[in-house]
Amino acid sequence: MSEVQEIKLDRMRYTKNTTSSRLALLAIVFDVLFFISIYKSNVGTWYYNILMGASIIYNLVFMLAAFLSSESVKSYKAEYSYVMIILGVLQIVRIWIYPMSAHAAVVNNEPVMGTAQFIRVIIYLVLSAACLFAGAVINLNKSRALASRIASLEAGKA
């Protein structure tokens with residue numbers, strides 16, 4: 001290992017993992033944009049059902065879990081990378097819940113979700129998931145490298 005790489009790894013012991021943290025926060029921003037786009041729609045009473053309530057609760061839980069992950073990956077906690085991966089997968093699964101069903105539904109001869117909004121909300125969900133996946137991979141790589149460096153330093157002391 002070169003001296004420059006050793007310095008970078010040693011520096012990680014004293015700095016925060018802001019890249020993964022910011023990606024998790026960006027995932028929350030994309031989720032909020034999705035949230036706003038879906039809930040500002042008002043086409044008849046199609047949205048007024050139990051699924052809407054569950055979706056609102058899920059959004060709150062998602063934002064809390066993503067924020068917790070954002071704060072935890074700052075200190076290179078690898079287990080929160082897995083939380084971010086799960087949240088990313090759930091964001092992809094959400095595409096088939098509201099956007100697909102709302103795009104296919106028609107109320108009073110009017111589509112519940114037009115094509116432009118449909119594409120926009122899918123982009124928001126995919127970007128949210130991509131941010132979570134990227135942040136998770138970055139954190140896993142950095143946390144493993146840091147753990148390895150700390151282990152080598154402790155072995156050198158013994």
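Helices (H or I, at least four residues) are DSSP runs, numbered from the N terminus. The views below come from a predicted model, where local features need pLDDT of at least 70, side-chain atom pairs count only at pLDDT 80 or more, and totals for chains, interfaces and linings use all residues. Residues are numbered from 1 along each chain as its sequence is written, and side-chain values use heavy atoms, with hydrogens and water left out.

**View 1. A nonpolar patch on the surface.** Patch members have over 30% relative accessible area and no salt bridge; nonpolar side chains (Val, Leu, Ile, Met, Phe, Trp, Tyr) are joined within 5 Å, like charges within 9 Å.

**View 2. Ile 50 in helix α3.** Ile 50 has 76% relative accessibility, so this residue counts as exposed (over 50%; buried is under 20%, partly exposed in between; 1.4 Å probe, protein chains only).

**View 3. A salt bridge between Arg 94 and Asp 31.** A salt bridge puts a side-chain nitrogen of Lys or Arg within 4 Å of a carboxyl oxygen of Asp or Glu, and the structure holds 2. In this one, N and O are 2.8 Å apart. Because Arg 94 lies in helix α4 and Asp 31 in helix α2 (residues 18-39), the pair ties together parts 63 residues apart in sequence. Both Arg 94 and Asp 31 are buried.

**View 4. A salt bridge between Lys 74 and Glu 71.** The closest N and O atoms are 3.3 Å apart. Lys 74 counts as partly exposed at 23% relative accessibility, and Glu 71 counts as partly exposed at 36%.

Key: Accessible areas come from the Shrake-Rupley method with a 1.4 Å probe; for residues, only the protein chains shown count as cover. Helices (H or I, at least four residues) and strands (E, at least two) are DSSP runs, numbered from the N terminus.
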